Amino acid sequence: PEKSPAEEEPKPSLFAGFSFGNVPKADSPAPGGVQTFGASSAGAEITVDYPKFVAEPSEAVLEQITKPESVAEAVDCTDPGNVASFVGKLSQVMSNKTTNASHKIVDSLLASCFAQNSPSMLTNELLVTMGLIKSEKKDFKPESDVENMLRLMAHAVGQEYFPTSSAKIISAFVKKDKDVLSNKISDCTDLFRSFQI
């Protein structure tokens, strides 16, 4: 005899035995430095721990960020070296899918850092991170993806917050190393155009 739909045994949940940990509800206030989002009826929510993301950026977390200013708050924007270093790390995890979010994060970071520091200090640190000048530290090796770092800077130099003098300096160094950079970048014509080369 066949069972009617009302008599069928319930199927076990796909998430049976799996714990999501202590995840706060979407409408609960998030603790400092943490962003929670997702519909509470969805069952699973994603929390972004900004200080952890700054320490160890990942593309998966980058895709979830909706508050780029929270990343800037987690980076010490009074230290141009920290800002440039994080932008370099961000360039290593960004993709076509996360370009817009990366631009917003870089805009927030650089605007804050330029407002708090001498433009020449941040410009110098960005050039070091881009690998266009050597660091004063002998053992320093820049942590950045050359192409993505150039894409981030090509975006940034055209923004209002970016000092014209700093944009000219970065553009001059990119132009000087154009041939070397061309060998490392797949399609650089539009990219170089952003630097007015």
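Analyst: Let us start with burial: a residue is buried under 20% relative accessible area, exposed over 50%, and partly exposed in between, using a 1.4 Å probe and protein chains only. This is a predicted model, where local features need pLDDT of at least 70, side-chain atom pairs count only at pLDDT 80 or more, and totals for chains, interfaces and linings use all residues. Residues are numbered from 1 along each chain as its sequence is written, and side-chain values use heavy atoms, with hydrogens and water left out.

User: Is Val93 buried or exposed?

Analyst: Val93 counts as buried because its relative accessibility is 16%. Val93 sits in helix α4; helices are DSSP runs of H or I with at least four residues, numbered from the N terminus.

User: Which residues does Val93 touch, not counting residues up to four places away in sequence?

Analyst: A contact means heavy atoms within 4.5 Å. Leaving out residues up to four places away in sequence, Val93 touches Pro57, Ser58, Glu59, Leu62 and Thr98.

User: And what about Thr129 in helix α6?

Analyst: Thr129 belongs to α6, which covers residues 119–129. With a relative accessible area of 5%, Thr129 is buried. Beyond four places in sequence, its contacts include Ala84, Gly88, Pro142 and Met149.

User: How do I read a pocket?

Analyst: Rolling a probe the size of a water molecule over the atoms shows where empty space is left. On a 1 Å grid over the protein atoms alone, using a 1.4 Å probe, a pocket is an open set of points with protein on both sides within 12 Å along at least five of seven lines, and lining residues have an atom within 4 Å of a point. The largest pocket here has a volume of about 310 Å³. Of its 15 lining residues, the closest to the centre are Glu125, Val128, Ser135, Lys137 and Phe140. Helix α6 gives the largest share of this lining, 4 residues.

User: How should I read aromatic pairs?

Analyst: A pair of aromatic rings is described by the distance of the centres and the angle of the planes. Rings of Phe, Tyr and Trp (its six-membered ring) pair if their centres lie within 6.5 Å; planes under 30 degrees apart are stacked, over 60 edge-to-face, and the rest tilted. The whole structure has 3 such pairs. Phe114 and Phe162 have ring centres 4.9 Å apart and planes at 75°, so they are edge-to-face. Phe114, in helix α5, and Phe162, in the loop between α7 and α8, are 48 residues apart.

Technical notes. Helix = DSSP H or I, 4+ residues; strand = E, 2+ residues; numbered from the N terminus. Points joined across faces, edges and corners; volume = space filled by probe spheres on them.
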